Amino acid sequence: MYNLIIYLYLLGVAIASLFNAKVRRMWRGERKAFDILKEKVDKDAHYIWFHAASLGEFEQGRPLIERIRHDYPTYKILLTFFSPSGYEVRKDYDQADIICYLPLDTPFNARRFLRIVRPEAVFFIKYEFWYNYLHILKHRGIPTYSVSSIFRPEQVFFKWYGRRYGKVLACFTHFFVQNDLSKVLLAKLGLHNVTVVGDTRFDRVLQIKESGKHLPIIEAFKQGKKIFVAGSSWLPDEDIFIPFFNQHRDWKLIIAPHVIDEDRLESLLSQPHRKTVRYTQTTPEEAAEADCLVIDCFGLLSSIYHYSDVAYVGGGFGVGIHNLLEAAVWGVPVIFGPNNKRFEEAQGLLAARGGFEITSQTDFLQLMEGFINDENSLKAAGERAEEFVEKLSGATDKVLSAISLP
């Protein structure tokens, strides 16, 4: 049944690629993967394979990749992605020797892929459970680890109709999970090769903080005023915070929308009722005179949060919140919408009182008025957010201390 679904999915992707540019990039990338592997795989080298579905999972795995690169220099690193949003952004990542898409999980592709690469250890980041790849890896006795994975009762593995597919989990050598509930759920399936280590993303955001970019345009823009940074925002998020910004002229606003295209940017530029400029089309002198700065490029947001007094992370009124930790690590309170229940870091920030959920514009206005009227409250909330990140770091060390590479 699984393989039938995969072949139907393959057909669907082929058809969708005719109409959707993102799907077309993925389709072409998967078909090109074997050419890349045949060209670049060194038959005399020893490979460790990391697989990340997309950019977020890559960022979770990145601390582990770089530590293994440093601690085990005799190994080469193969990095694969499933989504264009990961591959297209990180295809030139210099800590991996080979980067390509992962060919779809058909029996033929899995056997061919593993015959070419012959990895000596494999790390799947978070939600990656490819049935054919995993069964062949187990059959060949290759150590295979699930890192920063998290399990919930509603997942298919724990339903009566998903128990057969759930046997794929027995293919892993070890699970390094984020929380105790995941360990309990896996134990119900008879899986006890589990260690609770937390989330490697905490280590990653601390790395980012240590190497944060110096941004002259942002520094010129700040001009000693309070800065509100909205990261990965969508239209419903902007409907919440832009009216506040239009009324409070002692605050400046930086918006980094989740989707960057010309239509989206033109619409966004017209919403603030104050002087607004685009990051790539301004100078430090012009930015100093502006009240709103729209970030129209990728790769800067994690450093921009350093300049914020309050951060807002988008997605909570739709698809689900984006990366809270890259804001919290800078010691600022983090605001987000209600679609956050599946996110462990959101629940942790709420409990630590460094993160704040809002469900309406009224909630948002009340929260911001509180910060404006009580500077100590604002500072304390930021300190709690930073402490939350620091206390939960260290997952990378825990993983490395528990594994033994060949």
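Figure 1. The C-alpha centres of domain 1 and domain 2 lie 32 Å apart. Ten residues from domain 1 and ten residues from domain 2 take part in the contact, where contact means heavy atoms within 4.5 Å. Domain 1 covers 1-206 + 394-402, and domain 2 covers 212-392; these bounds come from an automatic or database domain assignment. A note for all views: this is a predicted model, in which local features need pLDDT of at least 70 and side-chain atom pairs count only at pLDDT 80 or more, while totals for chains, interfaces and linings use all residues. Residues are numbered from 1 along each chain as its sequence is written, and side-chain values use heavy atoms, with hydrogens and water left out.

**Figure 2. The largest pocket and its centre.** Here we step into the largest pocket, which has a volume of about 1,800 Å³. Of the 48 residues in its lining, L55, G56, S232, H258 and H322 are the closest to the centre. On a 1 Å grid over the protein atoms alone, a pocket is an open set of points where a 1.4 Å probe fits, with protein on both sides within 12 Å along at least five of seven lines; lining residues have an atom within 4 Å of a point. Grid points are joined across faces, edges and corners, and the volume is the space filled by probe spheres set on the points.

**Figure 3. What the lining of the largest pocket is made of.** Domain 1 and domain 2 each supply at least three residues of this lining. Among the elements that each give at least two are α2 (21-40), α3 (55-71) and β9 (251-257), and α3 gives the most, with six residues. Helices (H or I, at least four residues) and strands (E, at least two) are DSSP runs, numbered from the N terminus. By class, the lining holds 20 nonpolar, 14 polar and 14 charged residues. Ala, Val, Leu, Ile, Met, Phe, Trp, Tyr, Cys and Pro count as nonpolar, Asp, Glu, Lys and Arg as charged, and the others, Gly among them, as polar.

Figure 4. E57 is found in helix α3, and an unreviewed UniProt entry lists E57 under "active site". UniProt positions are given in the numbering used here, feature names are shortened, and annotations may be inferred rather than shown by experiment. E57 is buried, because its relative accessible area is 17% (buried means under 20%, with a 1.4 Å probe and protein chains only). Not counting residues up to four places away in sequence, E57 touches A52, I125 and K126.

Notes. Buried means under 20% relative accessible area, exposed over 50%, partly exposed in between (1.4 Å probe, protein chains only).
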